[in-house]
Amino acid sequence: MSAQKIGVIGGGLMGHGIAYLLAAAGHAIGVFEPTPELRATLPKRLRAIADLFGDNAALLENVSAHDQLAPAVAGTSFVFEAAPEKLPLKQKIFAELESAVTPDAILASNSSAIPPTEIGRHLKHRERVVGTHFWNPPHLVPLVEVIESEKTSGEVLRATMELLRDAGKTPVHVRRDVPGFVGNRLQHALKREAIALVAAGVCDAETIDIVVKEGPGARMAVLGPMEQSDLVGLDLTLDIADVLYADLDCTAGPPHAFLRQKVSDGKLGMKTGEGFRRWTAESAGAVRERLSGFLVQQAKARRKSVT
Ligand SMILES: NC(=O)c1ccc[n+]([C@@H]2O[C@H](COP(=O)([O-])OP(=O)(O)OC[C@H]3O[C@@H](n4cnc5c(N)ncnc54)[C@H](O)[C@@H]3O)[C@@H](O)[C@H]2O)c1
């Protein structure tokens, strides 16, 4: 795909990673970040990603930071919105975008959970609104869920998938904007069962993490659940499901009281020193390092395999 001019709205955690990966693909990026401190640290945060990959920092000249929306998106063919997760704010940003870009520019939201249909509901050109759900950190995790709203046109979906594929991502088409899209629904179905098992005293939280990492997780990066079912046979899958499903925690009710209690006790995880497990600054730092080291290694291997 030829070089495009692309806008990124919000230069926070997700926005700066999205800006980096698109700049690394050769596009010119304008970032609108209203908070002066975050605007000031943008070059440093982008340079840190270039260092991770060992990329030439000259590619950062493709990124400009702006304190206003209009100059950041002037002349763009795509805009990726990565502003805070509030529907009224996102609707306001999209209304401003509609008057700042041409009607054929594609407007994508990185919302984690808000349907793109709602974000674009009051726009004149709703066919150009699409969800693009990147995973954190967006420059390292390959998946982007491309979510079709009630109005997204086929051409907008095609062009969005193409742009992302060319930038080295793995875009997938989600045909309806159901809450949580696909990835978070799967992730939270697993978490729901994990929380219920710990709450029932079947095992402790550390054991859950070992079971997932050393068991199904050890193969999940190369074997998805549908192909795993086909691999072992749907007859066995059905036999297990017959025994298991009635006993799974699959109520349609609210989140487990065990989770709610942790939150109201201020046990929020690594940031407070305790969540499901207990953490010190060192043990939490080690988890972050292990994750980042693994993702960088995977991302570098993927880059090598396509060059
Ligand atoms: N953090 C994650 O793991 C993750 C993963 C996938 C998707 N998302 C989604 O991405 C979006 C951004 O999340 P984040 O984690 O990067 O948040 P963040 O708080 O790190 O970044 C949001 C940025 O938007 C800026 N901002 C505030 N008001 C704005 C406005 N009116 N216009 C433009 N920018 C504005 C903030 O200054 C901030 O820099 C959210 O919709 C979130 O749900 C987050």
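This is a predicted model: local features need pLDDT of at least 70, side-chain atom pairs count only at pLDDT 80 or more; totals for chains, interfaces and linings use all residues.
Let's look at the ligand and its neighbours, then move on to a pocket in the protein.

**Who surrounds the ligand**
- The ligand has 24 residues around it, and the closest are Met 14, Glu 33, Glu 85, Lys 90 and Ser 112.
- At least two residues of this shell come from each of helix 1, helix 4 (87–100) and strand 6 (129–134).
- Sorted by class, the shell holds twelve nonpolar, nine polar and three charged residues.

- Glu 85 places a polar side-chain atom 2.6 Å from an oxygen atom of the ligand.
- For Lys 90, a polar side-chain atom lies 2.8 Å from a ligand oxygen atom.
- On its own the ligand has 830 Å² of accessible area, and the protein covers 75% of that.

**The second largest pocket**
- This pocket holds about 380 Å³ of space.
- Its lining is made of 17 residues, and those nearest the centre are Ala 167, Gly 168, Ala 299, Arg 303 and Val 306.
- Helix 1 (13–24) and helix 13 (281–306) each supply at least two lining residues, and helix 13 gives the most, with five.
- By class, the lining has nine nonpolar, three polar and five charged residues.

**One link to spot**
- Helix 1 supplies at least two residues to the shell around the ligand and at least two to the lining of the second largest pocket.

Terms used: Residues are numbered from 1 along each chain as its sequence is written. Side-chain values use heavy atoms; hydrogens and water are left out. On a 1 Å grid over the protein atoms alone, a cavity is a set of points where a 1.4 Å probe fits but cannot get out, and a pocket is an open set with protein on both sides within 12 Å along at least five of seven lines; lining residues have an atom within 4 Å of a point. Grid points are joined across faces, edges and corners, and a volume is the space filled by probe spheres set on the points. Helices (H or I, at least four residues) and strands (E, at least two) are DSSP runs, numbered from the N terminus. Ala, Val, Leu, Ile, Met, Phe, Trp, Tyr, Cys and Pro count as nonpolar, Asp, Glu, Lys and Arg as charged, and the others, Gly among them, as polar. A residue is near a molecule or strand if one of its heavy atoms lies within 4 Å of it. A polar contact is a pair of N or O atoms within 3.5 Å; within protein, one must be able to donate a hydrogen and the other to accept it, and residues adjacent in sequence count only if both atoms are side-chain atoms. Accessible areas come from the Shrake-Rupley method with a 1.4 Å probe; for residues, only the protein chains shown count as cover.
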